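This report covers charged side-chain pairs in a predicted model. The structure is shown first, and the pairs follow one by one.

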Amino acid sequence: MARAGERRWVVTFAVVLVVVLLGLLAVAGLRLAQMRSVPLGVARERPAQGAGPTEVEVSADAWVHPAGPAVQDALNRYFSAINDKDYRSWVATVTPAVANQRPEATWLQGYASTTDGTIRISRIDEAGPGRLVALVSYVSTQDAEDGPDDLKVPRICWRSSIPLVGSPPLVDMVKTSGVLRGSC
């Protein structure tokens, strides 16, 4: 009698184990399929001229972060608003403090001739509860006179640590620390 009970227990355990393993494989397969839909691995080359593609690319390292897809979406909307000269859409991607720093007229003047492209999120790190930092590189083109005061050139390569807060994440770049830039 005891052996029949043991067999049922072993069979039940084996069935549960197989179901759990199949579930894990299914989740892994879905995650892999999702990752294949995002450009990963080697960064695209910087174009010889112009800003390059405007969609945000994500490195494999950034994509595996739990907030990877949300950060990619937030930065896609942020850069699209700049490229489309759409202040209202841009305001929806930043914190109120950032929006208050850049009223519409100032913002439109600052981005009048700007196009951002070849945008890549290399890494995402936790900066505290509800706070992230995305390490982002991109190329901007603009009329030389519209460049930053200390870099009046038509094409700039940027490397920036972009703080994000909340869920969904909003850009919280009140200060411009953590920015490297140069003519390219």
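## D172 and R131

D172 counts as buried, because its relative accessibility is 15% and the cut-off for buried is under 20%. The side chain of D172 forms a salt bridge with R131, and the closest N and O atoms are 3.4 Å apart. D172 lies in the loop between β5 (170-171) and β6 (179-183), while R131 belongs to strand β3 (residues 131-141), so the pair ties together parts 41 residues apart in sequence. R131 counts as partly exposed, at 34% relative accessibility.

## D150 and R181

A salt bridge also joins the side chains of D150 and R181, with an N to O distance of 2.3 Å. This pair links distant parts of the chain: D150 is in the loop between β3 and β4 (155-165) and R181 is in strand β6, 31 residues apart. D150 counts as exposed at 58% relative accessibility, whereas R181 is partly exposed, with a relative accessible area of 36%.

D61 and R123 form a salt bridge in which the closest N and O atoms are 3.1 Å apart. The two residues sit in distant parts of the chain, D61 in helix α2 (residues 60-63) and R123 in strand β2 (residues 115-128), 62 residues apart. D61 is partly exposed at 39% relative accessibility, and R123 is partly exposed with a relative accessible area of 35%.

A network of salt bridges links D61, R123 and D125.

## Total

The structure holds 7 salt bridges, including those of D172 with R131, D150 with R181 and D61 with R123.

Notes
Residues are numbered from 1 along each chain as its sequence is written. This is a predicted model: local features need pLDDT of at least 70, side-chain atom pairs count only at pLDDT 80 or more; totals for chains, interfaces and linings use all residues. Side-chain values use heavy atoms; hydrogens and water are left out. A salt bridge is a side-chain nitrogen of Lys or Arg within 4 Å of a carboxyl oxygen of Asp or Glu. Helices (H or I, at least four residues) and strands (E, at least two) are DSSP runs, numbered from the N terminus. Buried means under 20% relative accessible area, exposed over 50%, partly exposed in between (1.4 Å probe, protein chains only).
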